[in-house]
Amino acid sequence: MGGKKTMTLNLTEPEMKVLEELSLKKDLSKTAVIRQALRLYQLVDVRLTEGGKLFIESADKNEKAELMVL
Amino acid sequence: MNGDISKVWLVDKKTGGLVEASLYDGITEAHLKDVEKSWMPKLRSELQRLRATGRPHPQSSHWNWRDKVEHMRGLLAYRGFAVVHEGHTQGLMLVKTTHPCRLPIQRGKPLVYVDYLETAPWNQRELVMQPQFGGIGLVMLAAAITLSREEGFAGRIGLHSLPQAVKFYENCGMTNLGSDPSKQGLPYFEMTPEQVAAFLEK
């Protein structure tokens, strides 16, 4: 692994709650959840910048909506 | 790309002995140039020979590694690996770290997804009568497992197998979840942390 840098992350109570829930659900440390989120955000951002679109389809496949990402 | 290099072992198919090789955490320009200078001419000549004999060609023979590496350049979600021995690239692998598991017992948890894995043409049984080096697939799977553990994914890995490689992944102890219509019907395989432990003990 490449060298790692440490930073302090300030989260609100609800944000920390979500982080803890995701950490439990995904069987990941909180750091690993943040790193996964960063990877996904970058991947989506690059593909959208290239002109791609991101869609979410409902489980029954009856609805499909474009997901707008900042 | 992290640029780490670690020592691995391949099987010299002529002698049956082990030979030392280097596993690169990252696919460099040198690896890609080697693919273009060494892999492609060998691949072309062997494919010509196979066509003449009517034998099936390797299903990865159309892969363009430069395009694949360019596509993932700078993206944190992808990682590349290369195995080098005797100054030549013996195998390449691209993995993705943003895939969820599909097996019911670990569904939704993250795994390292092996997007592409290929050995040099002179190491492929489908191409040459006497492959030069073996064990590259095992080295690459072990690298994917190590990455999965480093990332906190407990060693979980997954991949879609080309039909010619199905037996190999089954022999590695992976679970075959069957044909995946979203991936041209290719069979999807997954390895649980327990299967990883058994694989590494072999």
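Trainee: What makes H1(A) and H2(A) roughly perpendicular to each other?

Mentor: In this predicted model, helix H1 (residues 13–26) of chain A and helix H2 (residues 30–49) of chain A pack at an angle of about 95°, with their axes 9 Å apart. Angles of 65 to 115 degrees count as roughly perpendicular, under 35 as roughly parallel, over 145 as roughly antiparallel and the rest as oblique, and H1(A) and H2(A) are therefore called roughly perpendicular.

Trainee: Which residues of H1(A) and H2(A) meet?

Mentor: With contact meaning heavy atoms within 4.5 Å, A:Met16, A:Leu19, A:Glu20, A:Leu22 and A:Ser23 in H1(A) meet A:Lys30, A:Val33 and A:Ile34 in H2(A). The residues of this contact divide into five nonpolar, one polar and two charged.

Trainee: Why is B:Val95 called buried?

Mentor: Buried means under 20% relative accessible area, exposed over 50% and partly exposed in between, with a 1.4 Å probe and protein chains only; because the value for B:Val95 is 0%, this residue is buried. B:Val95 is found in strand E4 (residues 88–100) of chain B, and among the residues that B:Val95 touches are B:Phe81, B:Val112 and B:Leu147.

Trainee: What is the span of helix H3 (residues 136–150) of chain B?

Mentor: The expected span is 1.5 Å times one less than the number of residues; H3(B), with 15 residues, reaches 21 Å from its first C-alpha to its last, close to the 21 Å expected. The buried residues of H3(B) include B:Ala144 and B:Leu147.

Mentor: Residues are numbered from 1 along each chain as its sequence is written, and chains are lettered from A in the order in which they are written. Local features need pLDDT of at least 70 and side-chain atom pairs count only at pLDDT 80 or more, while side-chain values use heavy atoms, with hydrogens and water left out.

Definitions and conventions
Helix = DSSP H or I, 4+ residues; strand = E, 2+ residues; numbered from the N terminus. Axes fitted to C-alpha atoms, helices over the stretch in contact; angles between N-to-C directions. Nonpolar A, V, L, I, M, F, W, Y, C, P; charged D, E, K, R; others polar. Lists of a residue's contacts leave out its neighbours within four places in sequence.
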